[in-house]
Amino acid sequence: MAGLRSAFHFKTAIRFLAWGCILAVAVLSLTPADQMLRTGFGARIEHVLAYAGTGFITALAFAERRLFRVMLALLAYAGGLEFLQRFSPGRSSTVWDFMFSGMGVLLGVGTLALLAKWLPGLTAPDSQRLPR
């Protein structure tokens, strides 16, 4: 029973972390140009890193919904945010930026998919529920 509760709390924590990453990507994507914080890596590498981390954590959090669906949802989200940047002061959207965001999604979700092959229980669906 304790192990099941521990797994439940871990899954809940990962989901909160995933939603935090999704929100952080939106805030960073839509921040006006004069208020942006840069890492020094370059904008395109920042896109890849942000979406790779978000993709990995979100895929881990929602693996029971199939990794392909998580990947498609994140790609659509990246496209939507890229489009919305047109309305943020001093920002622009480009197909190249979307492509680098998409590469990050593929890298993050793909890394989890590879790890799931080596660690079979990593993305196993929740087949057991907590007793009520």
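Helices (H or I, at least four residues) and strands (E, at least two) are taken here as DSSP runs, numbered from the N terminus. On that basis, the elements of the protein chain run α-α-α-α from the N terminus on, which comes to four helices and zero strands. The model is a predicted one, so to speak of a local feature takes a pLDDT of at least 70, and side-chain atom pairs count only at pLDDT 80 or more, while totals for chains, interfaces and linings use all residues. Residues are numbered from 1 along each chain as its sequence is written, and side-chain values use heavy atoms, with hydrogens and water left out.

As for the chain overall, 33% of its 132 residues count as buried (under 20% relative accessible area, with exposed over 50% and partly exposed in between; 1.4 Å probe, protein chains only). Its accessible surface is about 8600 Å², and carbon and sulfur atoms own 69% of that (Shrake-Rupley method, 1.4 Å probe; for residues, only the protein chains shown count as cover). Take the contacts (heavy atoms within 4.5 Å) between residues at least 6 apart in sequence: 76% of them join residues at least 24 apart.

Next, the helix packing. Helix 2 and helix 4 (residues 95-118) have axes that come within 7 Å and cross at roughly 35°; axes are lines fitted to C-alpha atoms, for helices over the stretch in contact, and angles run from 0 to 180 degrees between N-to-C directions. The residues of this contact split into 14 nonpolar, six polar and two charged (Ala, Val, Leu, Ile, Met, Phe, Trp, Tyr, Cys and Pro are nonpolar, Asp, Glu, Lys and Arg charged, and the others, Gly among them, polar).

Then there are the aromatics, with two pairs in the structure (rings of Phe, Tyr and Trp, its six-membered ring, with centres within 6.5 Å; planes under 30 degrees apart are stacked, over 60 edge-to-face and the rest tilted). Trp-19 and Phe-62 sit edge-to-face, 6.0 Å centre to centre with 75° between the planes. This pair ties together distant parts of the chain, 43 residues apart: Trp-19 is in helix 1 (residues 2-30) and Phe-62 in the loop between helix 2 and helix 3. Trp-19 is exposed at 53% relative accessible area, whereas Phe-62 is buried at 10%. Phe-83 and Phe-87 are also edge-to-face, at 5.6 Å and 75°; Phe-83 is partly exposed at 44% and Phe-87 exposed at 60%.

Finally, Arg-66 has a positive phi of about 75° despite not being a glycine. Arg-66 lies in the loop between helix 2 (43-61) and helix 3 (67-84).
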